[in-house]
Amino acid sequence: MLSFTIRRLLLAIPTLLFISLVIFLLLEASPGDPLADVPLTVPPEVRERMREALGLGDPWPIRYILWLKQFFWVEPLHWTDQVFGTSFSEGMQRIISFQSRSPVFDVIAQRVPQTLTVVGMSYVVGVLIAIPIGILSAYRQYSWFDQIGTFVSMIGFSMPTFFTGVVLIIIFAVNLQWFPSVYDTTLEVRDWDSFLQQARQMVMPVTVLALYNAAQISRFMRSSMLDNLGQDYVRTARAKGLSERVVVLKHVLRNSLIPVVTVIALGLPAVFGGAIITEQVFKVNGLGQLLISAIHGNDIPMVLTLTFIFAILIVVFTLVADILYGVLDPRIRYD
Amino acid sequence: MTDTTRTDTDPLRAAAGNAATPEGISPPIVPPQAEVATRSQWLDVWRQFRSHRGAMVGLVIFVSIILFVSVGPLIWTIDPTYVDIRARNSGFSVAHPLGTDQLGRDLLARLMAGGQVSIAVGLTAMIIAIFIGSLIGVMSGYFRRLDAPLMRLTELFLALPLLPLLLLMVTLFREPLSQTFGPALGIFFLIVGAIGATSWMQAARIVRGEVLGLKEREFILAARSIGTPSHRMILRHILPNVLSPIMVAATLGIATAIITESALSFLGLGFPPDFPTWGRLLYDAVDQMVLYPWRVIFPGVLISLTVLCVNYIGDGLRDAMDPRIRGR
């Protein structure tokens with residue numbers, strides 16, 4: 001197991017390097033010019049100096065290596081400085097955003113809490129809804145509950161999140177006026193009232209994403225439960241005279257959760273991607289919104305760093321899913 | 001279809017005294033006319049498919065949506081881009097059954113035109129994805145030397161953050177492509193190519209798995225022993241047998257492609273404004289959703305309905321194509 005983990009970790013390094021190169025070259029091939037907004041009255045030599053100042057003067061391999069150094073060396077050093085009060089990173093250039101002229105990671109750090117509260121919450125809610133639904137519809141296969149559950153989950157992942165979001169806004173924000181349609185990120189939770197306000201504005205985005213996730217996870221839960229319910233050990237457990245409750249919730253559920261846990265782990269990075277749209281619908285200024293504004297603004301360092309962080313999330317969670325599967329299911333051997 | 005011809009030729013070969021039947025099926029002792037009715041594989045699949053109620057409803061609705069967007073414009077001949085500013089924001093009336101938008105363009109005509117583009121994007125992107133996917137899947141399943149590098153490539157693509165990359169590709173390359181091919185066609189190529197190039201991985205993995213299993217079967221061994229060259233082996237023996245997983249993956253691929261296209265349009269990165277697609281119509285209507293919620297609902301419902309139908313068809317196909325379930 002340990003050797004498998006180490007091998008996979010080592011394999012992840014070239015993968016990530018390659019992905020970063022692909023993203024970098026894609027951005028490099030783009031016709032967009034970060035200096036396009038600079039007025040034409042600026043003389044060419046000044047313009048050239050501005051390019052140099054943005055670090056655009058060097059050929060691309062040098063800039064790529066420089067970015068790698070900044071991402072993997074300067075930034076971690078900076079964080080250790082922040083935590084321990086040391087000064088390793090003194091005089092080193094961090095990754096600077098073209099748009100805001102502030103370090104990219106500072107901007108990202110400002111946006112992460114919004115994304116995490118909304119996306120994280122919705123994933124938790126989605127899983128909590130999906131697992132009981134999956135259990136029940138597998139246990140009562142082809143009952144009306146199962147039929148409705150199947151239909152609703154089919155609708156759930158057929159409706160794109162931007163449509164469900166807009167429909168919820170029309171119903172609950174415009175017509176009923178229960179919840180605000182725009183997520184207010186300046187709100188600070190200090191007392192009970194502001195907490196209620198925060199909860200109210202989180203209801204709709206969380207519902208949209210949770211429905212979408214629950215639809216997929218409940219399908220996996222159902223089919224995994226069905227696989228296990230037909231096994232011999234279930235018959236044995238019943239023959240021993242165990243109660244249905246114990247049979248289903250102890251014996252079957254535990255075994256069925258193994259593949260579902262890995263699916264949940266695999267789905268997490270995709271949720272960050274899907275949140276781009278939901279954040280746009282509800283005007284949550286999280287990571288997705290940051291990415292889109294950076295793309296529109298030709299902010300190459302920001303786009304590169306953000307996309308690469310998404311890639312890291314995917315690689316890491318794939319690895320986590322594989323390891324979890326091996327840990328949870330002793331029959332799986334990675335050799 | 002190849003399967004039917006193959007089973008037809010089988011008894012002939014057996015009758016010719018060919019001891020080693022190429023397909024590994026035991027030579028038929030029962031003469032062909034003893035069978036009650038001719039049963040082809042596709043007839044069986046269709047029979048099983050019909051018993052899946054959700055899939056049949058899905059198929060009927062999907063066909064009517066396709067008729068709506070393809071035949072509809074021949075009957076409802078208002079130009080979807082015709083601006084009639086005096087009739088703007090009109091409600092449901094005889095002249096405009098679904099009303100008009102803020103520029104007085106007829107919503108029904110726009111929905112039809114938008115559907116054409118959305119479904120065309122879905123189909124074309126799916127074809128590209130399935131082509132790349134089955135090519136890579138067959139190659140890595142069949143040729144052992146190619147297996148490791150191609151699967152590494154697939155894993156690399158699976159690790160890419162797709163939506164951000166799609167957004168990136170579409171934003172960065174829309175200008176040069178629309179200059180070469182014109183705004184509409186250029187964006188179409190771009191979106192279709194981008195979606196196709198980023199969604200073939202699942203198909204490749206499924207096909208590879210199937211091919212790996214098939215390669216161990218006796219009929220492949222028999223075909224190889226009579227000296228079948230690789231290309232004919234793949235085209236005649238492997239591809240027809242992996243057709244069912246490919247078809248299921250293709251159906252589900254249409255759904256993903258339609259959703260991705262409308263998501264891009266919704267983020268304002270899809271087709272140009274005067275070129276309606278369902279996602280674009282939804283995006284344009286979001287600004288006025290307080291006053292005219294129907295303009296959001298119609299395209300949204302059409303997207304969801306199409307995707308729902310396609311998903312159900314895929315579900316039914318998967319059941320119908322699986323011989324273990326069939327006949328039960």
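Tutor: Reading chain A from the N terminus, the elements go α-α-α-α-α-α-α-α-α-α-α. That's 11 helices and zero strands in chain A, and bear in mind that you're looking at a predicted model. The C-alpha trace of chain A covers about 85 × 60 × 40 Å along its principal axes. Of the 335 residues in chain A, 33% are buried. If you take the contacts in chain A between residues at least 6 apart in sequence, 70% of them link residues at least 24 apart.

Now to where chain A touches chain B. Each chain puts in a share: 33 residues come from chain A and 33 residues from chain B. On the chain A side, the elements giving two or more residues are α1 (2-29), α5 (144-158), α6 (161-175), α9 (244-282), α10 (287-296) and α11 (300-328). By residue type, that side splits into 25 nonpolar, eight polar and no charged.

Let's cross over to chain B for the close-up, a pair of helices. Helix α12 (residues 243-266) and helix α14 (residues 293-321) of chain B have axes that come within 9 Å and cross at roughly 170°. An angle over 145 degrees counts as roughly antiparallel, so α12(B) and α14(B) are roughly antiparallel to each other. From α12(B), the residues making the contact are S244(B), M247(B), V248(B), T251(B), L252(B), I254(B), A255(B), I258(B), I259(B) and S262(B). Facing them from α14(B) are I303(B), T306(B), V307(B), V310(B), N311(B), I313(B), G314(B), L317(B), R318(B) and M321(B). Sorted by type, the residues of this contact come to 13 nonpolar, six polar and one charged.

R110(B) sits in helix α5 (residues 107-142) of chain B. Is R110(B) buried or exposed? The cut-off for buried is 20 or more other C-beta atoms within 10 Å; R110(B) has 26 C-beta neighbours inside 10 Å, so it counts as buried. Leaving out residues up to four places away in sequence, R110(B) touches P80(B), R105(B), P276(B) and L281(B). Another residue to check is P73(B): it lies 37 residues from R110(B) along the chain, with 9.5 Å between the two C-alpha atoms.

Technical notes:
Residues are numbered from 1 along each chain as its sequence is written. Chains are lettered from A and ligands numbered from 1 in the order in which they are written. This is a predicted model: local features need pLDDT of at least 70, side-chain atom pairs count only at pLDDT 80 or more; totals for chains, interfaces and linings use all residues. Axes are lines fitted to C-alpha atoms, for helices over the stretch in contact, and angles run from 0 to 180 degrees between N-to-C directions. Helices (H or I, at least four residues) and strands (E, at least two) are DSSP runs, numbered from the N terminus. Angles under 35 degrees count as roughly parallel, over 145 as roughly antiparallel, 65 to 115 as roughly perpendicular and the rest as oblique. Two residues are in contact if their C-beta atoms, placed from the backbone, lie within 7 Å. Ala, Val, Leu, Ile, Met, Phe, Trp, Tyr, Cys and Pro count as nonpolar, Asp, Glu, Lys and Arg as charged, and the others, Gly among them, as polar. A residue is buried if 20 or more other C-beta atoms lie within 10 Å of its own, exposed if 12 or fewer, and partly exposed in between; C-beta atoms are placed from the backbone.
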